Amino acid sequence: MAFSKLPLALFMSTLFFQAALGEIVCEELPLDVCAFAVASSGKRCLLETSTTVSKDGGVEYQCRTSEVVVERLAEHIETEKCVKACGVDRKSVGISSDYLMEPQFTAKLCAQDCYQNCPNIVDLYFNLAAGEGVFLPDLCEKQRYNPHRAMVELMSSGAAPGPVAPFVAGLVATPAAAPSN
């Protein structure tokens, strides 16, 4: 399914609809505004591939409610200004901390236009970074002064170690090889 830019009129009607009902339900959002939205429940909305296949054999997408709760931010549809400033893509299926390894992405995320003005996106990547054992403000500080060094430190920080194999009597577990990208 190809995504097109959401016309201003549709975006405004979505916001009007949202204000009229007073509630955002992820499953009811247009796909073009699903990613980086927060439902009235305070849970993040995620764009996912559907379990059904379209009539033409292509992949279909759906907006779903995740289990991730955002503190102090509910009923939020991210602005195009923040999407652009932070370098995120509304067509992203799921969310991954892998983007933090890309210097261009981290530079945009840590830039003042994003970091100071887009708390929803910053909160999301703050939590993803924390899950990898990285403190986003420290990463951003290093990014400003030495972007290459920031990435080297992130990769060598021991972030996101794999699961530890249990000891079985008489056997020594060996870690599986990591998949190559």
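## Val-88 and the main core

Val-88 touches Phe-36, Val-83, Phe-105, Ile-121 and Tyr-125, leaving aside residues up to four places away in sequence. The model is a predicted one. Val-88 also belongs to the largest nonpolar core, which has 22 residues. Which members of this core touch the most others? They are Val-88, Leu-109, Ile-121, Tyr-125 and Leu-136.

Helices α3 (80-86), α4, α6 (119-131) and α7 each supply at least two of its residues. The most comes from α6, which gives five residues. In soluble globular proteins, nonpolar side chains tend to be buried together.

## Two crossing helices

Two packed helices are described by the angle between their axes and the distance between the axes. Take helix α4 (residues 103-110) and helix α7 (residues 136-145). Their packing angle is about 105 degrees, and their axes are 10 Å apart. Angles of 65 to 115 degrees count as roughly perpendicular. That makes α4 roughly perpendicular to α7.

Which residues meet here? From α4 come Pro-103, Thr-106, Ala-107, Leu-109 and Cys-110. From α7 come Leu-136, Leu-139, Cys-140, Gln-143 and Arg-144. Seven residues of this contact are nonpolar, two are polar and one is charged. Leu-109 and Leu-136 take part in this contact, and both are also among the core residues that touch the most other members.

## Five disulfides

A disulfide is a covalent bond between the sulfur atoms of two cysteines. How many disulfides does the structure hold? There are five. Count the bonded cysteines along the chain, and the pattern reads 1-3, 2-4, 5-9, 6-8, 7-10.

## The link from Cys-26 to Cys-45

Cys-26 lies in the loop between α1 (8-21) and α2 (31-34), while Cys-45 lies in strand β2 (residues 43-53). The pair therefore ties together parts that are 19 residues apart in sequence.

Are these two cysteines buried or exposed? Cys-26 has a relative accessible area of 0%, so Cys-26 is buried. Cys-45 comes to 4%, so Cys-45 counts as buried too. The cut-off for buried is under 20%.

Another disulfide joins Cys-82 to Cys-118, with 2.1 Å from S to S. With -90 degrees about the S-S bond, the link is left-handed. Cys-82 sits in helix α3, and Cys-118 sits in the loop between α5 (112-115) and α6. They are 36 residues apart, and the pair links distant parts of the chain. Cys-82 is buried, at 8% relative accessible area. Cys-118 is buried as well, at 2%.

Helix α3 also holds Cys-86. A disulfide joins Cys-86 to Cys-114, with 1.9 Å from S to S. With 100 degrees about the S-S bond, this link is right-handed. Its partner Cys-114 lies in helix α5, 28 residues apart from Cys-86. Both Cys-86 and Cys-114 are buried.

How values were computed:
Residues are numbered from 1 along each chain as its sequence is written. This is a predicted model: local features need pLDDT of at least 70, side-chain atom pairs count only at pLDDT 80 or more; totals for chains, interfaces and linings use all residues. Side-chain values use heavy atoms; hydrogens and water are left out. Axes are lines fitted to C-alpha atoms, for helices over the stretch in contact, and angles run from 0 to 180 degrees between N-to-C directions. Helices (H or I, at least four residues) and strands (E, at least two) are DSSP runs, numbered from the N terminus. Angles under 35 degrees count as roughly parallel, over 145 as roughly antiparallel, 65 to 115 as roughly perpendicular and the rest as oblique. Contact means heavy atoms within 4.5 Å. Ala, Val, Leu, Ile, Met, Phe, Trp, Tyr, Cys and Pro count as nonpolar, Asp, Glu, Lys and Arg as charged, and the others, Gly among them, as polar. A nonpolar core is a set of buried Ala, Val, Leu, Ile, Met, Phe, Trp, Tyr and Cys residues joined through side-chain atoms within 4.5 Å. Buried means under 20% relative accessible area, exposed over 50%, partly exposed in between (1.4 Å probe, protein chains only). A disulfide is a pair of cysteine sulfur atoms within 2.5 Å.
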